Amino acid sequence: DGTSFTEEDSSELRKHLLKPDDERLAFVFGLAISTDLAEIQSGKAFPKRAEARRWLSATRAEQVQALAEGWKTSTFYRDLWHIPGLYPEPGGELDEYDSAVARNSALEIMGDLVPKQEWWSLEGFIMAVKETEPDFQRPGGDYESWYIRGEGSDEYLTGFDNWEAIEGALLEYYVTGPMHWLGLVDRADEAARLTAYGRAFFGQTPWPTPTEPEDKIIVKDDGTLLISRKVS
């Protein structure tokens, strides 16, 4: 879907991640393109220096807001293609799939259903969507023309009977993947809770403006620099 890498590239890039995970790497790259921090030319990715410098000089809250809004509107990063155990294939209605429409439909429902402060059941949320807005990512309710295989299966997951395998898995991925990685939700066993950033993301409160700690950069005798992740 445009966010895949060769094994050599993945191996090199993972070294620079706090948590060296291929799915997080694909998400970071998708966000970089979606927020105009990077661009693709002749099959290669390049940072957009002015935009990247502007983002890096912003406060942490401003950085989070920019990334969250970039994910919300992204058509480049297609969440459905990153769900473990699902393998979408070209053809049928999937060729017209709009990840931003699907994502925003789900987020609008989530903003209406989940509490602002308390923990909520992930399974309960998924079942509530199934009961109230099951076609959130399928305008027209067509459950026959998408070519998606499950793990270790030659059969396509068609029909409403496979809603939980696809739509349910996508809703879970939104929460436990991108929203958690962006700091919009806290996670627990089978449960989630909106953070201050998450409440702001849904327009329930203003975006937080926490005080930025001034951590010092430590220079060791051998020239090594010790820099906190909190440093701009």
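A polar contact is a pair of N or O atoms within 3.5 Å; inside a protein, one of the two must be able to donate a hydrogen and the other to accept it, and residues adjacent in sequence count only if both atoms are side-chain atoms. The model is a predicted one, in which local features need pLDDT of at least 70 and side-chain atom pairs count only at pLDDT 80 or more, while totals for chains, interfaces and linings use all residues. Residues are numbered from 1 along each chain as its sequence is written, and side-chain values use heavy atoms, with hydrogens and water left out.

Ser99 sits in helix α5; helices (H or I, at least four residues) and strands (E, at least two) are DSSP runs, numbered from the N terminus. Is Ser99 buried or exposed? Its relative accessible area is 2%, so Ser99 is buried; buried means under 20% relative accessible area, exposed over 50%, and partly exposed in between (1.4 Å probe, protein chains only). Setting aside neighbours within four places in sequence, Ser99 is in contact with Ser74, Thr75, Tyr77 and Arg78, where contact means heavy atoms within 4.5 Å.

Now for the rest of α5. The helix takes in residues 99–113, and at 1.5 Å a residue its 15 residues should span 21 Å; the end C-alpha atoms are 21 Å apart, so the two agree. The expected span here is 1.5 Å times one less than the number of residues. Asp98 caps the N-terminal end of α5, with a side-chain oxygen 3.0 Å from the backbone nitrogen of Ala100. Besides Ser99, the buried residues of α5 include Ala100, Ala102, Arg103, Ala106, Leu107, Ile109 and Met110. Their cover includes α4, α6 (122–132), α7 and α8.

Helix α8 (residues 196–201) holds Phe201. With a relative accessible area of 5%, Phe201 counts as buried. Phe201 and Ala68 are 133 residues apart in sequence, but in space their C-alpha atoms are 7.4 Å apart. Apart from neighbours within four places in sequence, Phe201 is in contact with Ala68, Glu69, Trp71, Lys72, Leu107, Leu184 and Trp207.

Helix α2 passes the length check too. At the start of α2, a side-chain oxygen of Asp21 comes within 3.0 Å of the backbone nitrogen of Glu23. Just after the helix, Asp36 has a positive phi of about 65°. Which residues of α2 are buried? They are Leu25, Ala26, Phe27, Phe29, Gly30, Leu31, Ala32 and Ile33. The elements covering them include α1 (7–14), β1 (38–41), β2 (44–47), α4 (60–73) and α7 (163–181).

Two packed helices are described by the angle between their axes and the distance between the axes. For α2 and α7, the angle is about 65° and the axes are 11 Å apart; axes are lines fitted to C-alpha atoms, for helices over the stretch in contact, and angles run from 0 to 180 degrees between N-to-C directions. At this meeting, Glu23, Arg24 and Phe27 in α2 touch Tyr173, Pro178 and Trp181 in α7.

On to the strands. β1 and β2 run antiparallel and are joined by 4 bridges; two strands pair if DSSP finds at least two bridges between them. Ala38 stands opposite Pro47 in β2. The hairpin of β1 and β2 has 2 residues between the strands, and Ser42 in this hairpin takes a positive phi near 50°.

Strands β6 (residues 185–188) and β7 (residues 191–194) are also antiparallel, with 4 bridges between them. Arg187 faces Ala192 in β7, and Asp186 has Arg193 as its bridge partner. These strands form a hairpin with 2 residues between them, and Glu190 in the turn has a positive phi of about 60°. An open sheet of 3 strands, ordered β4-β7-β6, has antiparallel pairing. Its edge strands are β4 (120–121) and β6, each of which pairs on one side only. Helix α7 packs on this sheet and touches β4, β6 and β7, its direction making about 135° with that of β6.
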